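Reader: Can you walk me through this one? Start with the strands, then the packing and the charges.

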Amino acid sequence: MSLLVVGSMAFDTIETPFGKADRIVGGAATYIAWAASYFVQDILQVSVVGDDFPQAELERLAARGVDISGVQVKPEQKSFYWAGRYHLDMNSRDTLVTELNVLADFKPVIPERFQRPDYVMLGNLSPTVQMSVIQQLRHRPRLIAMDTMNFWMDTQMDELRKVVAKVDALIINDAEARQLSGEYSLVKAARVIHRMGPRYLVIKKGEHGALLFYKNHAFFAPALPLEEVFDPTGAGDTFAGGFMGHIAHTTDLSFENMKTAVVVGSAMASFCVEKFGIERLKEISSEDIENRIRQFVDLMHFDIDLV
Ligand code: AMP
């Protein structure tokens, strides 16, 4: 089954209490593709980079089965650049620099071969760009999921609502769910967001796990308590990649399978934070992933006799 991934590919400078990484490869679509590549081979990558983006990084993705022919390389232009600094708690960060560069006038062109994907993951980009991707598709995918952020809610709420109305699944963090819905209670927020369009809503809560809402059902998966969290950058995108990778691999949209997808996404995110950038995602094996998922199952499982 094919998975169309659209999002930024970038250089990031990251400062955490444990160290600094200067201009390393990042971007939402980079994390999504790496995570999903452990579950599904037919990944159709759509993004834009400048000619400063290392060709070797694109080739590494291609070697994992990611079709990079939808990644536009703009000659004599610079790739998107983002810099952030994490606070001591590692749950919050300040954005220090955002240089849009090639992303400023990104007009995604979905190649002919990419226009009938089974599944779609729209990474955090302007809602206008996300909408243009949906409009270029020749048939309705089995599931379209999207991410977004507070910036688009502050600046383009009307456009954002139009895209949200067209997707099946929204994958956002708790602060974004509250801002989008105007509700503090996440249960109420889920009800409001369901009415906006998406049948499935995933609310990520960083080190406090992730919630899945579907109709009247709710499911919660914790984050794995890790001894060391080195760099949380991209954890949300890695979650989305694992989640959609699992769905595309299993082609099962039942609530039960969505629950498994949340656990798979959480497991992938737990690897991501162990090293800077995509470093850890590059070195794990399928066996590592299986073991990590088993750790989640052990962590979450309990029997109780109610008398
Ligand atoms: P996350 O930690 O999941 O929020 O994702 C961080 C990644 O998103 C970094 O690799 C950044 O390059 C990328 N990013 C940050 N801001 C933006 C933005 N405004 N548009 C697209 N990608 C972004």
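**Sheet, cores and salt bridges**

Author: Strand S2 (residues 10-16) pairs with S3 in the antiparallel sense, over six bridges. Strands are DSSP runs (E, at least two residues) and helices likewise (H or I, at least four), numbered from the N terminus; two strands pair if DSSP finds at least two bridges between them. This is a predicted model: local features need pLDDT of at least 70, side-chain atom pairs pLDDT 80 or more, while totals for chains, interfaces and linings use all residues. Residues are numbered from 1 along each chain as its sequence is written, and side-chain values use heavy atoms, without hydrogens and water.

Reader: What stands opposite Ala10 in S3?

Author: Gly26.

Reader: And what order do the four strands of the open sheet take?

Author: S3-S2-S6-S7, with mixed pairing. S3 (19-26) and S7 (93-99) are the edges; each has a single partner strand, so one side of each lacks a neighbour in the sheet.

Reader: Switching to packing. How many residues has the largest nonpolar core?

Author: 63; Leu3, Phe243, Met268 and Leu281 have the most contacts inside it. Such a core is a set of buried Ala, Val, Leu, Ile, Met, Phe, Trp, Tyr and Cys residues joined through side-chain atoms within 4.5 Å. Buried means under 20% relative accessible area, exposed over 50%, partly exposed in between (1.4 Å probe, protein chains only). Helix H9 (residues 255-272) gives the largest share, 11 residues.

Reader: Now charges. How many salt bridges?

Author: 14 in the whole structure, counting a Lys or Arg side-chain nitrogen within 4 Å of an Asp or Glu carboxyl oxygen. One of them joins Arg280 and Glu274, at 2.7 Å.

Reader: Is Arg280 buried or exposed?

Author: Buried, at 17% relative accessibility.
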